[in-house]
Amino acid sequence: MGITTQVQPLLINYKTLEEFKRFKEYGIQELTMLEDLQSNIVENNSESPFFGIYIGNALIARMSLYRIPAKYDNYFDPPQDYMELWKLEVLKDYQGQGYGQQLVEFAKSYKLPIKTNPRINSHGFWERMGFQKATYKVERDLGENPLLWLPEGVHEQVEE
Ligand SMILES: CC(C)(COP(=O)(O)OP(=O)(O)OC[C@H]1O[C@@H](n2cnc3c(N)ncnc32)[C@H](O)[C@@H]1OP(=O)(O)O)[C@@H](O)C(=O)NCCC(=O)NCCS
C-alpha cells in the first residue's frame with residue numbers, strides 16, 4: 001500500500017459536521033452536536049465520540065466509539081468496561097479497501113470487549129472481523145441484534 005492513513009479522533013466543529021452529512025447514518029446525534037455548537041453549549045473543537053479516516057482533507061470513513069463503565073455491563077463475563085461501537089461507515093467510493101477493517105482494529109486496540117448493533121447486510125463484514133452474535137435476551141436487547149467481540153479470556157455473560 002502506497003498511502004498510509006491514520007485513525008483520528010474527530011473534534012466537533014463546523015467542518016466536521018458538514019462532512020458528516022455525506023454519511024448515510026446522519027441523524028439526531030449529529031443534529032444535536034450542531035445545535036449545541038450553534039448555541040455555545042459545546043465549545044468549538046471539543047471532543048466527540050467519533051473517530052475517522054481522512055484522505056487529504058476529506059473524511060472518508062468514521063465510527064462512534066464510547067467506553068461503557070463496568071457497572072453497566074450486561075454482556076461480558078467477568079463484567080468489565082467495554083467499548084460500544086456504532087455508526088461505522090465507509091463512503092461508497094472507498095469501500096472494500098480496508099478502511100472499515102482499520103477502524104475496527106483501532107477499536108480492538110483498547111484491549112476491551114466490543115459491542116455493536118450492526119446494520120442489516122453488514123453481517124458478513126462483522127463475521128470477518130471476528131464478531132459473534134450475542135445470545136438474544138429480550139429484556140436487554142429489545143429491538144437490537146448485538147454482536148460481540150471477545151478478547152482472550154473474556155466470555156459472554158450467561159444467566160445466573
Ligand atoms: C460495511 C463496511 C463498514 C465495511 O468497510 P469496508 O472498508 O468496505 O470493508 P474492508 O475493505 O475493510 O473489508 C475487510 C474485510 O471484510 C470483507 N467484507 C467487507 N464487507 C463485507 C460484506 N458485506 N460481507 C462479507 N464480507 C465483507 C472484505 O472482503 C474484507 O475481507 P478480506 O480481508 O478477506 O479482503 C462498509 O462497506 C460500509 O460502510 N458499508 C455501508 C453500507 C453497508 O452496511 N453495506 C453492507 C454491505 S451491503
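Two strands pair if DSSP finds at least two bridges between them. Helices (H or I, at least four residues) and strands (E, at least two) are DSSP runs, numbered from the N terminus. The structure is a predicted model, in which local features need pLDDT of at least 70, side-chain atom pairs count only at pLDDT 80 or more, and totals for chains, interfaces and linings use all residues. Residues are numbered from 1 along each chain as its sequence is written.

The protein chain has 5 helices and 9 strands. From the N terminus, these elements follow the order β-α-α-β-β-β-β-α-β-α-β-α-β-β. The C-alpha trace spans about 50 × 40 × 25 Å along its principal axes. The radius of gyration, taken over C-alpha atoms, is compared with a globule rule of 2.2 Å times the number of residues to the power 0.38. For 160 residues, a compact globule would have a value near 15 Å; the protein chain has 17 Å, which agrees.

Burial was assigned from C-beta atoms placed from the backbone: a residue is buried if 20 or more others lie within 10 Å of its own, exposed if 12 or fewer, and partly exposed in between. Of the 160 residues of the protein chain, 25% count as buried. Contacts were also examined (two residues are in contact if their C-beta atoms, placed from the backbone, lie within 7 Å). Among contacts between residues at least 6 apart in sequence, 61% join residues at least 24 apart.

An open sheet of 7 strands has the order β1-β2-β3-β5-β6-β8-β7. Its pairing is mixed. At the edges stand β1 (7-12) and β7 (132-133). Each has a single partner strand, so one side of each is left without a neighbour in the sheet.

L11 has E47 in β2 as its bridge partner. Next, β2 (residues 46-55) pairs with β3 (residues 58-68), again in the antiparallel sense, over 6 bridges. Within this pair, G52 is bridged to R62 in β3, and I55 to A58 in β3. The two strands form a hairpin with 2 residues between them. G56, in the turn, has a positive phi of about 60 degrees.

Further across the sheet, β3 and β5 pair in the antiparallel sense over 7 bridges. Here the bridge partner of I68 is Y82 in β5. Q132 is bridged to L148 in β8.

Most residues other than glycine have a negative phi, and most peptide bonds are trans. N40 has a positive phi of about 60 degrees although it is not a glycine. N45, also not a glycine, has a positive phi of about 65 degrees. N40 lies in the loop between α2 (28-38) and β2, and N45 is found in the loop between α2 and β2. N40 counts as exposed because it has 8 C-beta neighbours inside 10 Å. N45 has 12 such neighbours inside 10 Å and therefore counts as exposed. The peptide bond from D77 to P78 is cis, with omega near 0 degrees. P78 is placed in the loop between β4 (76-77) and β5.

Of the 16 residues around the ligand, Q95, G100, Q101, G124 and F125 come nearest. The elements that give two or more residues to this shell are β5 (82-90), α3 (99-108) and α4 (123-128). By class, the shell has 4 nonpolar, 9 polar and 3 charged residues. In this scheme, Ala, Val, Leu, Ile, Met, Phe, Trp, Tyr, Cys and Pro count as nonpolar, Asp, Glu, Lys and Arg as charged, and the others, Gly among them, as polar.

Q101 is found in helix α3. With 13 other C-beta atoms within 10 Å, Q101 is partly exposed. The C-alpha atoms of Q101 and E35 are separated by 32 Å, the two residues being 66 apart along the chain.

UniProt, in an unreviewed entry, places the feature "domain: N-acetyltransferase" at residues 10-152. UniProt positions are given in the numbering used here, feature names are shortened, and annotations may be inferred rather than shown by experiment. Over residues 10-152 the chain is 27% helix and 30% strand. The end C-alpha atoms of this stretch are 29 Å apart.

Technical notes
A residue is near a molecule or strand if its C-beta atom, placed from the backbone, lies within 6 Å of it.
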